[in-house]
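Student: I'm new to this one and would like to go through it piece by piece. Can you put it up?

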Amino acid sequence: MAAAAVVRSLLAAGRAAPGGRRCRTLPAAGAAALCTVAPQQRSQPPPDMKNYLWSRYKEAKRATKELVPSIMSNMLNPDAIFSNNEMSLSDIEIYGFDYDYTLVFYSKHLHTLIFNAARDLLINEHRYPSEIRKYDYDPNFAIRGLHYDVHRALLMKIDAFHYIQLGTVYRGLSVVPDEEVIAMYDGSHVPLEQMSDFYGKSSQGNTMKQFMDIFSLPEMTLLSCVNEYFLKNNIDYEPVHLYKDVKDSIRDVHIKGIMYRAIEADIEKYICYAEQTRAVLAKLADHGKKMFLITNSPSSFVDKGMKFIVGKDWRDLFDVVIVQADKPNFFNDKRRPFRKVNERGVLLWDRIHKLQKGQIYKQGNLYEFLKLTGWRGSKVLYFGDHIYSDLADLTLKHGWRTGAIIPELRSEIKIMNTEKYIQTMTWLQTLTGLLEHMQVHRDPDSQMILEEWKKERKEMREMNRNFFNAQFGSLFRTDENPTYFLRRLSRFADIYMASLSCLLNYEPDYTFYPRRTPLQHELPGWSDQLYTGTFRIPFLPETVQIK
């Protein structure tokens, strides 16, 4: 918005552009300049357009440089909570949590463990070449939210409008040229019937799989590594079989207990203690909030992890604990009853008439949960990291409030707060505004200059992508549009944050207000002009930080 103001100020200066083109400014504050061109003069070759366009370019550069310090004085807080939908914590009586990457965070060693274990399963159980063992896990290769074309073996980033971001399509570990992508898809749009299903899966004719889980990062990397091996060695293979085998191997790392046993054997290596989970739970308990846990992880694994990060008395903080819930089926299947798990981990056979505090239950379903607890509607707030499996059904079908845990958010905001990023993005937006306003000049000299600006804009877009991830860029944006990931996040999460510890920065009656961002056909509101700082920073410095 600030960069757009630079362009507006340049065009609203009241100077006549060569060729009879003049700008006028609307009287309202912050209004965009409107430019009119006399029809009979449009075809006349404007005099000295080179000097005119480059002078506008230099003025924009200067104004952008002067603008950067004021932008840097209003930077986002990485520990803020961001709101998609207005929500007051005073209305929340019950807090629910997923376990993995919500209550507990894992170290970088876990994804290496999953990658290596799944790779070995491919070799030992699916008879893949032992040479793939030379590939190691690269934590910097993939990001969450990517789509995978199962039939073409392509990993890619797709925006909210189903368009592929060119330059982010990978076959194996190599980028696919834009021309080849356009030829394969008859453009860069992916039709709805080819997209992943509601839960991001490739099923019932859908050729795309969306990777939304943090645990899917090693799966994407393993898929790409094995594809790379087959391609480099000219081995003919069926991409659908490869996708299924890798998916099954990753699943078996969980189902067969390989990951769980490794973490339990060296809990300090794999679990990060620094996310202040106990402080969050204790704060909620002190304010009389009820709490429950619904996780797909097994009982003994959750018990050991919670004892490590919260303490031996962790169950005293929760009113209900449910393990091996099999989400998202837990939210839809009405047939599976709950089973109580005793202290030795043995499943009991007695019918469950009440969910008791201090006990652990397995399986079950949400409908029985609602019947036994009476916890319904918008007084319940549930947190999870998986937008589909954890949040979608709860908000769409049951009216619960939802909070998404997005660990990547903290690192992305820190990047966005750097001077280099602010300089690049401010100039990129200003240059885009110049292109938009100056494209009316159709003479050869002007068109040559505009082509130079377009080339610079393309280079800056690539630079912007590299700030976040060299292959795929930001989790939340393509070049200009929101990603498909962000589209789903905005739909299924009322609030989102980097970790639960962000709750410590807010009072229990705090109301989250989403920022009113102008639609494309709206002018910036007066409040955006008067209270820029307020609207740029969701978490204000004056807010008392509670530890």
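Student: In which helix do Lys244 and Asp248 both lie, and how many residues apart are they?

Tutor: Both are in helix α6, four residues apart, about one turn of the helix. Helices (H or I, at least four residues) and strands (E, at least two) are DSSP runs, numbered from the N terminus. Before going on, note that this is a predicted model: local features need pLDDT of at least 70, side-chain atom pairs count only at pLDDT 80 or more, and totals for chains, interfaces and linings use all residues. Residues are numbered from 1 along each chain as its sequence is written, and side-chain values use heavy atoms, with hydrogens and water left out.

Student: OK. What do the side chains of Lys244 and Asp248 meet in?

Tutor: A salt bridge, at 2.9 Å from N to O. The term stands for a side-chain nitrogen of Lys or Arg within 4 Å of a carboxyl oxygen of Asp or Glu.

Student: Is Asp248 buried or exposed?

Tutor: Asp248 is buried, with a relative accessible area of 11%. Lys244 is partly exposed, at 46% relative accessibility. Buried means under 20% relative accessible area, exposed over 50%, and partly exposed in between (1.4 Å probe, protein chains only).

Student: How many salt bridges does a search of the whole structure find?

Tutor: 29. One of them joins Glu180 to Arg171, with the closest N and O atoms 2.8 Å apart. Glu180 is partly exposed at 33%, and Arg171 is partly exposed at 23%.

Student: And which residue does Asp333 form a salt bridge with?

Tutor: Arg335, with 3.1 Å between the closest N and O atoms. Asp333 counts as buried, at 18% relative accessibility, whereas Arg335 is exposed, at 71%.

Student: Back to α6. What does α6 give to the lining of the second largest pocket?

Tutor: Nine residues, the most of any contributor. Strand β12 (208-210) and helix α12 (387-397) also supply at least two residues each. On a 1 Å grid over the protein atoms alone, a pocket is an open set of points with protein on both sides within 12 Å along at least five of seven lines, while a cavity is a set of points where a 1.4 Å probe fits but cannot get out; lining residues have an atom within 4 Å of a point.

Student: What volume does that pocket have?

Tutor: The second largest pocket has a volume of about 1400 Å³. Of the 42 residues lining this pocket, the closest to its centre are Asp213, Arg251, Asn296, Lys327 and Ser389. A volume here is the space filled by probe spheres set on the grid points, which are joined across faces, edges and corners.

Student: What's the lining of the second largest pocket by class?

Tutor: It has 14 nonpolar, 14 polar and 14 charged residues. Ala, Val, Leu, Ile, Met, Phe, Trp, Tyr, Cys and Pro count as nonpolar, Asp, Glu, Lys and Arg as charged, and the others, Gly among them, as polar.

Student: How many cavities of 30 Å³ or more are there?

Tutor: Three. The largest cavity holds about 90 Å³ of space. Its lining has seven nonpolar, one polar and three charged residues, and helix α9 (residues 277-286) gives the largest share, three residues. Tyr95, His287 and Glu507 are among the lining residues.

Student: How many aromatic pairs does the structure hold?

Tutor: 41. Among them, Tyr101 and Phe105 are edge-to-face, at 6.3 Å centre to centre with 85° between the planes. Tyr101 and Phe105 are both buried.

Student: Last one: where is Ile495?

Tutor: Ile495 is in strand β20 (residues 495-497) and counts as buried, at 0% relative accessibility. Ile495 and Gly403 are 92 residues apart in sequence and 4.9 Å apart in space, C-alpha to C-alpha.

Definitions and conventions:
Rings of Phe, Tyr and Trp (its six-membered ring) pair if their centres lie within 6.5 Å; planes under 30 degrees apart count as stacked, over 60 as edge-to-face and the rest as tilted.
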